[in-house]
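User: I would like to go through this structure by question and answer. Please begin with the terms.

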Amino acid sequence: MAELVLLTADPGGAVRALPALALLRHRVTLAPLTMSALVAQDRADVLLVDGRHDLVGARALCRTAGVGGTLPEGVPLLLVLAEGGFAAVSTEWGAWDVVLESAGPAEVEARLRMLLDRSAPARAQALAGSGAGTGIGSGPGDEAEVIEAGDLVIDTTAYTARVRGRVLDLTFREFELLRHLAAHPARVHTRAQLLQAVWGYEYYGGTRTVDVHVRRLRAKLGAEHDQPIGTVRNVGYRFEVRAAGSGDDRPGDDADGTGDDRPARRDAPAGS
């Protein structure tokens, strides 16, 4: 599963720009079709630019993001076009590949796979040059295949998480939430950021579902091992391995463990 970022001005998002993405397992994040949004996309496995209705803007973004541009070396760029756009596009635009908006899921998956294969050597070289070849932050998607945090071991390829050898019985969303938090230790995540990163563009529920899943994760980790998921009051959560008995940001600082003293509202659908 790759991290895809779609730059689009279409309010319909990926459903309108490239409908086949909804049938694939990749995580899709939406961003505006602007230069400032482009600069912020340094963690994408593949960047998609929606050029269906704004060829001039898409061309400018592609050329800005191209080789030696704003994107890190090895991040491929896939240009989404309407059929009429093929007459204007050229290699000077800087896109790695183009795809028709009506392309089926098999074609889109094949193009993404080939882009990832082509970008792998450049990414590996960039990681080696930055000294980020081991531990958290190595490998595709800027995350390690195995993440270790104290007694917790997360295997992202086998989709398993263990605490002292005990396999945790996690739903897909619970695993993705734990993986995302553990892959970015000490970083504070707002509920909205977690909702977008874990549930993706297709989820329209409220941020309350993040609190529900955090509570479930803490319960499954057990009282002796739930410390890494800390509450940042009125902001969100962070993952940080702390010494036993430190007590900082422990769940239970408030009634429902969310870092909010207000009465708990009825839980939103879990979205698992």
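Analyst: Accessible areas come from the Shrake-Rupley method with a 1.4 Å probe, and for residues only the protein chains shown count as cover. This is a predicted model, in which local features need pLDDT of at least 70 and side-chain atom pairs count only at pLDDT 80 or more, while totals for chains, interfaces and linings use all residues. Residues are numbered from 1 along each chain as its sequence is written, and side-chain values use heavy atoms, with hydrogens and water left out.

User: What percentage of the residues in the protein chain is buried?
Analyst: Buried means under 20% relative accessible area, exposed over 50%, and partly exposed in between (1.4 Å probe, protein chains only). The protein chain has 272 residues, and the buried share of them is 47%.

User: How many helices and strands does the protein chain have?
Analyst: Helices (H or I, at least four residues) and strands (E, at least two) are DSSP runs, numbered from the N terminus. By that count the protein chain has seven helices and twelve strands.

User: Which residues make the nonpolar surface patch of about 260 Å²?
Analyst: Patches are made of residues with over 30% relative accessible area and no salt bridge; like charges are joined within 9 Å, nonpolar side chains (Val, Leu, Ile, Met, Phe, Trp, Tyr) within 5 Å. One member, Phe172, is found in helix 5 and counts as partly exposed at 36% relative accessibility. The patch is made by Met1, Tyr159 and Phe172.

User: Which structural elements do the buried residues of helix 6 pack against?
Analyst: Helix 6 covers residues 191-199, and its buried residues are Arg191, Leu194, Leu195, Ala197, Val198 and Trp199. Contact means heavy atoms within 4.5 Å. These buried residues pack against strand 2 (27-31), helix 5 (172-183), strand 10 (188-190), helix 7 (208-221) and strand 12 (236-239).

User: How far apart are the closest N and O atoms of Arg191 and Asp211?
Analyst: A salt bridge is a side-chain nitrogen of Lys or Arg within 4 Å of a carboxyl oxygen of Asp or Glu. Arg191 and Asp211 form one, linking helix 6 to helix 7 across 20 residues. Both Arg191 and Asp211 are buried. Their closest N and O atoms are apart by 2.6 Å.

User: Why does the salt bridge between Glu101 and Arg52 tie together separate parts of the sequence?
Analyst: In this salt bridge the closest N and O atoms are 3.4 Å apart. Glu101 lies in the loop between strand 5 (97-100) and helix 4 (105-130) and Arg52 in the loop between strand 3 (46-50) and helix 3 (55-65), so the pair joins parts whose separation in sequence is 49 residues.

User: Is Arg52 buried or exposed?
Analyst: Arg52 also meets Asp50 in a salt bridge (2.7 Å, N to O). The relative accessibility of Arg52 is 11%, so Arg52 counts as buried.
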